[in-house]
Amino acid sequence: MAASEEPARRRTGTGRGTTRRPAGETRRRPAKGPAWAMRTAAEQLTELIGRAPESVSALKPTDDGWEADVEVLELERVPDTTSVMATYRVTLDKEGDLVSYERTRRYTRGQIDRRG
């Protein structure tokens with residue numbers, strides 16, 4: 001079979017020059033940066049309060065780890081704009097363990113924040 005007659009091969013990956021790891025080599029854990037902190041804060045808050053977060057609205061590094069504001073649907077209503085939302089402040093240590101959390105605000109989904 002000539003080279004031009006070979007079946008087309010499917011490309012995999014992102015096209016960013018990725019290479020395959022040798023068998024048995026483990027994948028490196030991503031750096032503990034902002035995306036990791038956001039996921040970790042949301043996952044741990046979900047475990048504690050039993051509600052899945054809608055979003056992380058703020059994130060900042062601290063001397064001891066990370067602090068995140070996580071938005072959670074607390075009471076679903078119809079129409080959706082009257083549903084009750086809450087903001088939780090989640091504090092993580094450098095290893096990503098939840099140190100504390102507190103609900104800092106409750107509001108309706110359709111409410112516009114008029115602060116500042």
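The paragraphs below go through a predicted model, from its overall make-up to individual residues and their contacts.

The protein has 116 residues, 23% of which count as buried. Its secondary structure amounts to one helix and four strands, and the order along the sequence is α-β-β-β-β. Among contacts in the protein with a separation of 6 or more, 36% are between residues 24 or more positions apart.

Most residues other than glycine have a negative phi.

Arginine 39 lies in helix 1, which covers residues 34-49. Arginine 39 and glycine 96 are separated by 57 residues in sequence, but their C-alpha atoms are 9.8 Å apart in space. Arginine 39 has a relative accessibility of 43% and therefore counts as partly exposed.

Glutamate 74 is found in strand 2. Its relative accessible area is 10%, so glutamate 74 counts as buried, the cut-off being under 20%. Which side chains does glutamate 74 join through polar contacts? One is that of tyrosine 88, at 2.4 Å; another is that of arginine 106, at 2.9 Å. Leaving out residues up to four places away in sequence, the residues that glutamate 74 touches are Arg51, Val84, Met85, Ala86, Tyr88, Arg103 and Arg106.

Tyrosine 88 leads on to the aromatic residues. The structure holds one aromatic pair. Its members are tyrosine 88 and tyrosine 101, whose ring centres are 6.1 Å apart and whose planes make an angle of 45°, a tilted arrangement. The pair links distant parts of the chain, since tyrosine 88 belongs to strand 3 and tyrosine 101 to strand 4, 13 residues apart. Are the two tyrosines buried or exposed? Tyrosine 88 is buried because its relative accessibility is 8%, whereas tyrosine 101, at 36%, is partly exposed. Another ring, that of tyrosine 107, has the charged end of arginine 105 over it, 4.1 Å from the ring centre.

The loop between strand 2 and strand 3 has features of its own. Proline 79 has its place in this loop. The peptide bond that joins valine 78 and proline 79 is cis, with omega about 0°. Most peptide bonds are trans. Serine 83 is found in the loop between strand 2 and strand 3 as well. At 0% relative accessibility, serine 83 counts as buried. Its side chain reaches the backbone nitrogen of arginine 77 at 2.9 Å. Apart from neighbours within four places in sequence, serine 83 is in contact with Leu73, Leu75, Glu76, Arg77, Tyr107, Thr108 and Arg109. Among these, Tyr107 has the ring over which the charged end of arginine 105 sits.

The last stop is the segment after strand 4, where glycine 110 is found. Glycine 110 has a relative accessible area of 45% and so is partly exposed. In sequence, glycine 110 and methionine 85 are 25 residues apart; in space, the distance is 9.5 Å from C-alpha to C-alpha. Methionine 85 is also one of the residues touched by glutamate 74.

Conventions
Residues numbered from 1 in each chain as written. Predicted model: local features only at pLDDT ≥ 70, side-chain atom pairs only at ≥ 80, totals over all residues. Heavy atoms only, no water. Helix = DSSP H or I, 4+ residues; strand = E, 2+ residues; numbered from the N terminus. Buried < 20%, exposed > 50% of the residue type's maximum accessible area, 1.4 Å probe, protein only. Contact = heavy atoms within 4.5 Å. Polar contact = N/O pair within 3.5 Å; in protein donor to acceptor, adjacent residues only side chain to side chain. Phe/Tyr/Trp six-rings, centres within 6.5 Å; stacked < 30°, edge-to-face > 60°. Lys NZ or Arg CZ within 6 Å of the ring centre and 35° of its normal.
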